[in-house]
Amino acid sequence: MNGSPRTPIRRALLLICALTVMTGFVLVLTVPAFAQEGTPPQPSALNPAGPNSAAIASLFNVVLVMATVVFVVVEGLIIISAFRFRRRARDASEPTQVHGNTKAEIAWTILPALIVVTLFVMALQAQQTLDTKPAAAAEQMTVKVIGHQFWWEYQYPDLGIVTATDLVIPTGKVVNLELSSADVIHSFWVPQLNGKTDAFPNHVNFTWMQANTPGVYYGQCAELCGASHANMRVVVVAKTPEEFDQWVKEQQAPAAEPTDALAQQGQLVFSAGACIGCHTIDGTAANGKVGPNLTHMGSRTSLAGGMLTNTEGNLRRWLTNPPGVKPGSIMPNLNLTKTEIDALTAYLQSLK
Ligand code: CUA
C-alpha cells in the first residue's frame, strides 16, 4: 500500500502542532514557577528584591513578551500555510510558481532590525540603572568578596570584620562589592539582588547590591571553578539597620570563651590539631588563612560554603569527612574520633 499523498504533510503538521503546544505548556508552567514567592525563597531573577535585579527583571520581561509575540506570529503563519496550501486529494496540478515578494522582504528586514534596535536601547537604559547607585555616599558601605574553592569570604574593611559563607548586609543601604579570588575564576551571583559578576585572581571587579526587605537571599557561584562549583553557594542575610548594627557589635567582639566542659574540650582539640593551620579564631592562637575565619561561626546560617544549613548534625557530618560532603574540598578528612567530633561541634557552635 502506498498510502495517501497527504500523509507526510499530515505528519509534519502533527509534529508542528505538538511542538507548538509543548512549547506553550513549558512557557506557561515554568515562568510562574520561577517567579513564585514562597519559603524557602525562590532564588529567581524574576522575583527581584533590590533595584539592580528589578532593572534586569523588567528588561527580561520585555524581551519575553517580544519573543512570545514573534514566536506566535511565525509559528501561526507556518501552521496556517501548511493547512491552507496543503496538497489536496486528487489534485495533481502543480502549485502556482512564485518568486520574490518585495513588500514581504522589506517588511521582514525592517521589523527585526527595529526589534533589535529597541532591545539595544532598552539594554543601555538597564545598564544605566545598574551604573547609578540610588543612595548618597553616606548611605553606602563596602564589602570585599573573595572567592575560594569552594566558599566565599567576606571582609568588611571599615568595620574590621572577616566572615564567610553568609554575607550579612543592612536593608536599604547600597553595598559596594569589591570582588576578587584567591585561586581560580568564580562568579558572584545572587539572582534576586544583582547580575553575575566575575571574581578574578589578581584583579578587583566592582558591583553593588541593595536589599529592599529583610530576608535570606540565595545565590550560586556562576563560573565553573572545580569539582564543587555547584556546591559553592551564596547566602545573603539582609537585616534591618538596627539588627545589622547589633550583628556588627557581636562580630567585632573577640571569640566567646567556651563555658561548658565539652566545648572547652573542643577548644583544646581545635588548638592542638591541624585546625589552626588553616583557620582563624580571633583572640586565640589560631590564625590560619586558608579556610574560613571561624571567630563567630556559630552565628552563621550556613556552613561548608553555604551548601549546608548550620545545624549540629550537619557540622558533625562535615567534620567527619569534608571531601565526602563537598567533593574537592581543600579541608581534608582529618580522621577525627567521635569524641573529638562531639567536642569540636560543641565548641564551634558556641562561637556565636
Ligand atoms: Cu566558584 Cu564556581
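**Stop 1: the largest nonpolar core**

Select V143, W152, Y154, Y156, L167, F188 and M209. These residues have the most contacts inside the largest nonpolar core, which has 33 residues. The model you are viewing is predicted.

Strand 1 (140–148), strand 2, strand 4 (166–170), strand 5 (174–181), strand 10 (233–239) and helix 4 (241–252) each supply at least two of its residues. Which element gives the largest share? Strand 10 does, with 5 residues.

**Stop 2: V143 and its surroundings**

Stay in this core and centre on V143. Leave aside residues up to four places away in sequence. V143 then touches Y154, Q155, Y156, L167, V175, N176, L177 and E178. Two of these, Y154 and Y156, are also on the list of residues with the most contacts inside the core.

**Stop 3: the hairpin**

Next, select residues 151–156 and 161–164. These are strand 2 and strand 3, which run antiparallel and are joined by 4 bridges. Pick E153 and look across to strand 3: its bridge partner there is A164.

Then follow the chain through the turn. Strand 2 and strand 3 form a hairpin, with 4 residues between them. Click on G160 in this turn; its phi is positive, about 70°.

**Stop 4: helix 2 against helix 3**

Select residues 51–84 for helix 2 and 102–131 for helix 3. Their axes come within 8 Å and cross at roughly 170°. An angle over 145 degrees counts as roughly antiparallel, so helix 2 is roughly antiparallel to helix 3.

Show side chains at the contact. Helix 2 brings N52, A55, I56, L59, V62, V63, M66 and V70. Helix 3 brings I115, T118, L119, M122, A123, A126, T129 and L130. How many of the contact residues are nonpolar, polar and charged? The contact has 13 nonpolar residues, 3 polar and no charged.

**Stop 5: helix 5 across helix 9**

Move on to residues 261–272, helix 5, and residues 338–350, helix 9. They pack at an angle of about 105°, with their axes 7 Å apart. Angles of 65 to 115 degrees count as roughly perpendicular, and helix 5 and helix 9 are therefore roughly perpendicular to each other.

On helix 5, select L262, A263, Q265, G266, Q267, V269 and F270. On helix 9, select T339, E340, D342, A343, L344, A346, Y347, L348 and S350. These residues make the contact. By class, 9 are nonpolar, 5 polar and 2 charged.

Notes: Residues numbered from 1 in each chain as written. Predicted model: local features only at pLDDT ≥ 70, side-chain atom pairs only at ≥ 80, totals over all residues. Heavy atoms only, no water. Axes fitted to C-alpha atoms, helices over the stretch in contact; angles between N-to-C directions. Parallel < 35°, antiparallel > 145°, perpendicular 65-115°, else oblique. Contact = heavy atoms within 4.5 Å. Nonpolar A, V, L, I, M, F, W, Y, C, P; charged D, E, K, R; others polar. Pairing = 2+ DSSP bridges. Core = buried A, V, L, I, M, F, W, Y, C linked by side-chain atoms within 4.5 Å. Buried < 20%, exposed > 50% of the residue type's maximum accessible area, 1.4 Å probe, protein only.
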